[in-house]
Structure formats: structure tokens, C-alpha cells
Amino acid sequence: MYLSRRFYLSCMVAVVLLLTGYVQPVCFALGKTLVAVIAAALAFDVWLLWKKADGVEASRTCTPRFSNGDENPVRLALENRYAWPVKVSVTDEIPSVFRRRDILFHLELAPGARKVILYHLRPVVRGEYRFGQIRTFVSTRLGLAERRFTSAQPASVKVYPSYLMLHRYELMAISNHLTDPGIKRIRRIGHHTEFEHIKEYVKGDDYRTINWKTSARHHQLMVNTYRDERSQQIYSVIDKGRVMQSAFRGMTLLDYAINAALPLSFVAIRREDKAGLITFADEFETFLPASKQPGQMQSILECLYRQQTSFGESDYSSLCVHVNKYVAKRSLLLIYTNFDSIIGMERQLSYLRQLAQRHVVLAIFFENAELKAFADRPPHTTEDYFRQVIAEKFIFEKQHVTTCLRQHGIYSLLTSPDRLSIDVINKYLEMKARRVI
């Protein structure tokens, strides 16, 4: 049992009346009467709260798996089993890693009423998180005492790479609508020569594919459709070294790369290519052969979930040796890494060139969004001008890296972490359209 603030305020008023009674006897009588009323009201309030053993029932509903970097819904269901209305304050013991102190909700429940509270949690680190219990504090309209109910058993959830992105792309990948605005903003260039079928012309189709003979027979415009080459190998190669430990909005670049590799693999498999996974740091670590079998996405998800960070120097020589050993067929290697400067790129350039001799290499690295935002601000003082020049120098070096890679026959993609998934899928589709792979 917990005594409420209203109870203590009432007691303070009674004490003031009793003390004033030394000057005005009538106040002393009022004070004694108030003490008796408070005691009787408290006893009645306690009787109401403890009359029913399970007066308020609370339960938690959430998915057993959380999506890293996304807003995951958690629902609290409350049911009033009393025959009178009650006021409820409920708090959920969320995992401490979230560091949130605002999971406290106040509401009123009518007799027999049931309400659902919805809130969201956004994890930024993969792993296993543990929920505690639900603490519910109940009071009647008298509000002199509170009773605490403890509900729900502790539960664990696993935080996986952002699988919610798969739901965003799934229907579009099935229906070939990845070119919708905001999903794929690049223009599809050309088409493959493998004929698939003839369909009615719709707005947006390439007029060069119009089949005039068929159009004349059907008295409406008909176009030829072509399909991409299939069963090509697409490998997501993730660098887990120290260069990927920089953080953006609470998540490391490694987690952004992991979140992007999952939907890219999904889209590749939907387009009947084979998706695989490679991770490396100071040594070659994970190799999942490219496949398009039904269980491949689950295998990729489990492999990505287990990846741990490393602060060592990435060994590209080991990557070259093992890729040449395990990947015999010409494949597209999407290497998620980060080059802070042109010098950092030049240290790995020879190994990237070796990989590019046998495979198509796409180096994906990140622009510093905070540095770019700082460079875009108008300077006001001399010191601001100096800082802005230094910031622009670093930005230019990043852009110069893409030029140097292109000169050596290596494709590159410089993007911000929050646009990584969309830009990687765009680049993959563009390279398919250009018949690079």
C-alpha cells in the first residue's frame, strides 16, 4: 500500500487546525473531526482497493524480434475488474539499454473497461534485450491510497537487422514496382534482349519498345517487355573494422551496412539472382555461398544477427585470397566500407583492383552528414571561414575517392547512412539495366 499526496495534504490541514486550536478552540474541534474523517476515508479506500485480489490486469504484447534502427510497437493492455471506476498509473520495465524514463502512462478505467496503450521502442544495437514486469498503481476516486499490481513475466526479445525494410519492398519487388517514386529514383537505361511477353502500353513505358504489328492487330498500343539476366551472384561484403564504428543517429555505420545488405539480398533473390554474404575484419570471418533457395533469406538474417564489431584494421589481402578461393564465378561484390581520406583508399586500392579483375566491384562508403551540414551553414566570423574550408576539404576528398576508384575500373557509391538502403538498391538495379553484371 502506498499513501498518496492527497492523504498527506489532508493530514497537513488537520495538523494546522490542531495547532491553531491552541488559539481558537473551535479549530481544535475541527481538527479532531478532520482526523476522524481522514482515518475513516482511508480505511474505506483501502477496503475498496483490496476487496478484489486481481482488480486490474495488465499484459504486454510485442513481437519476439525487434528490427534494429526502426520503431517497434509495444502494446500494454489494461482491464479494470473492479465494479467501480479507478485511476491507473502504469509503467513498463523496458530494457535499460533504451535509457528512457517516459514510459509512464496515466488513465482512468470505467468498471469492466479495457484499454490498450501503444508506445514504440527504437533499438540501435543488435542483440538480446530483456523486459521486466509491468507495475500498475491503482487508486479510487477518494485517492488517499494506492495499490500496486505486478503483472507480466519478464520476457526477452532479439534485435535483428532491419527486417521491417523487407516489408516495405516486398510487394514492390513482387509486382516489379521498384521504380515507384522514392524507391528507385534513377532512370532505367536500355533493356535486355531476352524477350518475355507483350503487354498493353501504360504511361511510363519506353516508346521504343512499342510492337507496331501487334498494336495494329489489337487497335491499341502494345509494347514488348524484356527480363533481366537471371541467376547472377550478388555478394554483400561487409567490412567490420574500425572504420565502420563511426556513429550516425545512435547507430554505427556497420549496423547501417547490415540493415542495407538485408533488403538488397531480398530484392536480388526476388529478381531471381543469387544472394550471398561475406564479412571480414582483421581476418576473413563469414562466408555464405550465394543462393536463391527459399531458406536463403533466413540464413542471411541469422548470419547478420550474429555479427560483432571489431576495432582492428581491416585485412583486404585476406579478403582477396578467400574470395578468389570460394567465389569462382564472376559476381557482383558490394563492399560496404568507409574511406575517411584518399590516403585510406590508396592503402586498399591494390586489393580492390585484384578483386575487380575477376569480379564486378562496387565500393560503398559514407559521406559525413554532420560535416556536410556544418559546411552548408553560412560563416559569420573568420574562425568560421577557416573551419568551413577544412570541412569542405574533407568533403572534397570523399568525392575525389569516387573519381580515383572509377579510373581504376571500380564502381563506387558515396551516400549518407540514412539513404544507404535505397541508394544501394538503386545502384544494383542500374547496373542490371546497364548489363554491367
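The chat below goes over the fold, surface and one lysine of a predicted model.

Reader: Before we start, what kind of model is this, and how are residues numbered?
Author: This is a predicted model, in which local features need pLDDT of at least 70 and side-chain atom pairs count only at pLDDT 80 or more, while totals for chains, interfaces and linings use all residues. Residues are numbered from 1 along each chain as its sequence is written, and side-chain values use heavy atoms, with hydrogens and water left out.

Reader: How many helices and strands are in the chain?
Author: The chain has 11 helices and 21 strands, taken as DSSP runs numbered from the N terminus (helices are H or I, at least four residues; strands are E, at least two).

Reader: And what box do the C-alpha atoms fill?
Author: Along the principal axes, the C-alpha atoms fill a box of roughly 105 × 65 × 45 Å.

Reader: How much of the chain is buried?
Author: Of its 437 residues, 47% count as buried, where buried means under 20% relative accessible area, exposed over 50% and partly exposed in between, with a 1.4 Å probe and protein chains only.

Reader: Switching to K51, where does it lie?
Author: K51 sits in the loop between α2 (25–50) and β2 (56–61).

Reader: Why does K51 count as exposed?
Author: K51 counts as exposed because its relative accessibility is 53%.

Reader: What separates K51 from Y82?
Author: Their C-alpha atoms are separated by 8.8 Å, although K51 and Y82 are 31 residues apart along the chain.
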